[in-house]
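Colleague: I would like to learn how to read a few features of this model, going from local backbone details to sheets and helix packing. Could we take them one at a time, with the general idea before the case?

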Amino acid sequence: MPIRLRLALAFALAAAALFALGGWLFASGLSSAQLKTIDSQLTAQLAQAGRSLPAGDFLTQVIDPAGRVRSASTDAGNVALVTASQLSQARQGRIFVTRTVDEESTRIAAAPLAGRPGWVVVAAESLEAYEATQSQVARELAVGGAVFTAVAGLGAYWLARAALSPVERLRLARQRAYVADASHELRTPLAVLRGELELAARPGRGLPELAAAVRNSGAEAERLARLTDDLLLLARSDEDRLSLRLQRTDVGSLLARSAGLAGSRLAAAGLTCRVDVPPGTCADVDPDRIRQAVDNLIDNALRFAPRGSVIVLAARAADGGLDIEVSDDGPGFPAGFLPHAFERFARPDSGRSRGDGGAGLGLAIVRVIAAAHGGVATAGNKPGGGAVVRLRLPSAVGPP
């Protein structure tokens, strides 16, 4: 659901709740005021009962200590308008009750008759007008609430659309740039792969040339598959669908495995890798995702670390979480590149690289993996020279 629509619905629901609360308070206040007016009129009738006929639509009765109706207005009847228990209460002081009399809701007041101990005077009035007013108010509030909610929702949608239009334009621009960068990165291995296949298909190619073409094509196909996987991972992270399988993991063994798998490339580059993790350090992480992040950082270090130097993979418990660091002794990150280090397709200038580097997605993937764990990734330079990238994860760290 678009964010504009979500905001409009949320605002409309809040407006409906606010209007409902206000309407309930208004209806309750009106009901209380009406009943207060009716009770005042009934109190006045109680004072006149036994001395004159009731005014208007009021009913009156005078009841003796035995509970018999001794006198009553024309329509009041000879049956007491109040129950025996209510009659007992009325002998002690004035009471107000609402009862159904002759299938009609009626407000009744009862009080001791002055100068006649044990006698009770009763006055009653139909609540037909009161209930009609309440029903009309309820209908008008329902219609008004519906109109108010609709107007509030439409207004919120319009305001959200106006406020988010610059963001939407920026998002579309970023999407277009992302697609353009991805297309550029995919075009290179595809072009190389196509060229190798065309050369292999030419007449007169010998077995060595064909074998070399197959090797080169395989390398480009692997590069293409890796780039596609990276783009898919980033797309899933954008949609909050980067799933994790958290499990208790020996961090030292995990980093040692990454170092071992990079052994041949390290040897070819004249580098060594040292794992520095306190024994028994374990954390609740997704080992596959963490290895993917560490492997990306090792790949970066392989491009820039000078021959004969050491790449260090370190991990420590810190502030209730886990810090994982990968550092090298290369030239470090250019100062202007650090603010953009984790952006997609961002690469440092050629001064730091031995070659043209990768697609610029490695650090972006490191960041989304850290974020999926609820952590952050940071990049910087060591005081003595060299780059260091840290993953700070709020993982539970402790013994196995």
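Modeller: Let us begin with accessibility, where a residue counts as buried under 20% relative accessible area, as exposed over 50%, and as partly exposed in between, using a 1.4 Å probe and protein chains only. This is a predicted model, in which local features need pLDDT of at least 70 and side-chain atom pairs count only at pLDDT 80 or more, while totals for chains, interfaces and linings use all residues. Residues are numbered from 1 along each chain as its sequence is written, and side-chain values use heavy atoms, with hydrogens and water left out.

Colleague: With those cut-offs, is G385 buried, partly exposed or exposed?

Modeller: G385 has a relative accessible area of 31%, so it is partly exposed.

Colleague: Where in the fold does G385 lie?

Modeller: Helices (H or I, at least four residues) and strands (E, at least two) are DSSP runs, numbered from the N terminus. In those terms, G385 is placed in the loop between β11 and β12. The hairpin of these two strands has five residues between them, and within it G385 takes a positive phi near 110°.

Colleague: Which residues is G385 in contact with, once its neighbours within four places in sequence are left aside?

Modeller: Contact means heavy atoms within 4.5 Å, and by that criterion G385 touches D328, D329 and G330. Another residue to look at is G332, which is 53 residues away from G385 in sequence but 6.2 Å away in space, C-alpha to C-alpha.

Colleague: Turning to sheets, in what order do the strands of the open sheet lie?

Modeller: Two strands pair if DSSP finds at least two bridges between them. Here five strands form an open sheet in the order β7-β9-β10-β12-β11, with mixed pairing. The edge strands, each pairing on one side only, are β7 (272-276) and β11 (376-381). Axes are lines fitted to C-alpha atoms, for helices over the stretch in contact, and angles run from 0 to 180 degrees between N-to-C directions; neighbouring strands of this sheet are turned by 15° against each other on average, direction ignored.

Colleague: How many bridges join β11 to β12, and in which sense do they pair?

Modeller: Strand β12 (residues 387-393) pairs with β11 over six bridges in the antiparallel sense, and within that pairing A377 stands opposite L391, while A379 stands opposite V389. Strand β10 (residues 321-327) is also joined to β12 by six bridges, again running antiparallel, and there D323 faces R392. β12 is mostly covered, as five of its seven residues are buried.

Colleague: How should I read the packing of helices α7 and α8?

Modeller: The axes of α7 (residues 287-304) and α8 (residues 362-372) come within 9 Å and cross at roughly 150°. Angles under 35 degrees count as roughly parallel, over 145 as roughly antiparallel, 65 to 115 as roughly perpendicular and the rest as oblique, which means that α7 is roughly antiparallel to α8. In this contact R289, I290, Q292, A293, N296, L297 and N300 of α7 meet G362, L363, I365, V366 and I369 of α8. The buried residues of α8 are L363, A364, I365, V366, V368, I369 and A370, and just after this helix G374 takes a positive phi of about 80°.

Colleague: At what angle do α5 and α7 cross?

Modeller: The axes of α5 (residues 251-261) and α7 come within 10 Å and cross at roughly 45°, so α5 is oblique to α7. The residues that meet are L254, L255, R257, S258, A259 and L261 in α5 and P287, I290, R291, V294, D295 and I298 in α7.
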